[in-house]
Amino acid sequence: MPKEFTDEFEPLLIKDFNGQKQPKLPNRSLVLAACAACIGGTFQFGYNISVINAPTTDVHNFINQTWIERYQTGIPESVLTLLWSTIVSIFTIGGLLGVTVGGTLSVKHGRKGTLLVNNAFAIIAALLMGLSYPTGYFELLIIGRFITGLNAGIGLCVQPLYLGEIAPTAFRGAMGMGTSISITLGLFAGQVVGLKELLGKEDSWPILLATTCVPAFLQLLILPWFPESPRYLLIDRGDIEGCKKALKQLHGVSRCDGELDDIEKEKRGLADFKAKTPWELLCDRSIRLQVLTVMLLNVAQQLNGINAIYFYANYLFTQSGISAERIPYVTLGTGACELVTALTCGIVIDRLGRKVLIMGGYILMSICCILFTLTLSYQSASPIVPYLSIASVFAFILSFGLGPGGVTNILTTELFTQATRPAAYIIAGSLNWLSFFLISMVFPFLVVWLEQYCFLVFMAVCTCMAIYIFFVLPETKNKTFIEIQNEFKSSKKARTVDATGMTQL
């Protein structure tokens, strides 16, 4: 290993051999800090994706009524569709902008500080969307949705950074699953609040959209009681007293000294520490394989068919004879299914490992795509076939939650070090949001061209990712960051052969 890498990562090679027994459960304060970060972080992402579905008809009526009042004529159907599509999809544009600035803000203002400031965007967005109906300006919905996307993008970038840096190695996987759990919890909460019995009524939709401020206020009340990332305090800010205090609160007095020693040794190895920019990260050949892996994982997370499954769900439920009034409750079942899966993954991830879960998830998703195509092709063959399609939907969601849905963000944390991690999240998040926008725009046309066979495209994506993970991605469970780096370097050297057929050293 080159000397510069040895100097930088030598502290991470030193493990804790003091004979202390590893705790079976994380410290209570650590869990509460993670919950406080999640409620105003990635929870907002899931919540604002699902909550917009319930008031679709009511918002259409509001836009049409406003148009008539302004121009004394009904709105053309094409214009109404364009406005609604803009309200829904501009969320992704805001998210893309948010994730590009989130990494930079986390370096300048800290992980916790950025999360707290980010709540201002949620509150402003809630105010705009809540006032759209009484003021008669549907344009406020567009602006509000853009700002909610900005809030979600920053949260999706910074919250996993915070969770990854406050967690000890033994619980890094379980803590990292907080991102996936909070997203699915947000999706589920949005579906529940949008029911007709709650805020899904015709005259309640402005309040429904404005509820995005509730998680923001909760985080502003709770998160200040917990510390900034100890790693950020010591390495980025040089605040040793703040780091000690944070470690005592998060890990307990008994393990504080050991954790502090590790961070101090890492800081000494990073004497010239400077966080890299995304461009510098892309140009760094020493970690090119890690960058490529994270890019592929984040693109595949959106292009593996999970969004297409959700788009197709209502059609399948209708084909199965489920009435329109009962569809929201069946959809609620899919949300509950994904939430339970995320919780299960959080329990087993530090036992089974990341590679097994994500590779197995993609394999099962490939099988589900084949079953999905077959059941859609023979819908009229038997009354039971539509129900088999629904079973395939639930199986696909379970497979996604156990694998790509939960593990992808954790790997983005684990494949990089303190100097490169913020830039990695900017690149990964940008590709994730761009892929989300792409599939939202392309999938309707893909259905027209290929009909049910469009899921064979997603099968190919899932299969290719499973093969790539099997051959390239090392297991990262219970390994330090340098051990993970060394495995990538070893695999790269093993594939590099000179002209004489001898492995280059």
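A residue counts as buried when its relative accessible area is under 20%. By that cut-off Arg421 is buried, because its relative accessible area is 1%. Keep in mind that this is a predicted model.

Arg421 has a charged partner. It forms a salt bridge with Glu165, and the closest N and O atoms are 3.6 Å apart. Arg421 sits in helix α21 (residues 421-450) and Glu165 in helix α7 (residues 139-166), so the pair ties together parts 256 residues apart in sequence. Glu165 is buried too, with a relative accessible area of 6%.

Side chains of opposite charge can pair when their charged atoms come close. The whole structure holds seven salt bridges.

Turn next to Arg354. This residue is buried, at 1% relative accessibility. Arg354 forms a salt bridge with Asp350, with 2.9 Å between the closest N and O atoms. Asp350 is buried, at 16% relative accessible area. Arg354 also forms a salt bridge with Glu414, where the closest N and O atoms are 2.5 Å apart. This pair links distant parts of the chain: Arg354 is in helix α18 and Glu414 in helix α20, 60 residues apart. Shared partners join Arg172, Asp350, Arg354 and Glu414 into one network of salt bridges.

Glu414 belongs to helix α20 (residues 404-414). Its relative accessible area is 0%, so Glu414 is buried. Glu414 and Lys477 are 63 residues apart in sequence, with 9.4 Å from C-alpha to C-alpha.

Ile370 lies in helix α18 (residues 354-377). Ile370 is partly exposed, with a relative accessible area of 39%. A nonpolar surface patch includes Ile370, Leu371 and Tyr378 among its residues. Together the patch residues have about 640 Å² of accessible area.

Notes:
Residues numbered from 1 in each chain as written. Predicted model: local features only at pLDDT ≥ 70, side-chain atom pairs only at ≥ 80, totals over all residues. Heavy atoms only, no water. Helix = DSSP H or I, 4+ residues; strand = E, 2+ residues; numbered from the N terminus. Buried < 20%, exposed > 50% of the residue type's maximum accessible area, 1.4 Å probe, protein only. Patch = residues over 30% accessible without salt bridge, like charges linked within 9 Å, V, L, I, M, F, W, Y side chains within 5 Å. Areas by Shrake-Rupley, 256 points an atom, 1.4 Å probe, with all protein chains shown as cover. Salt bridge = Lys/Arg side-chain N within 4 Å of Asp/Glu carboxyl O.
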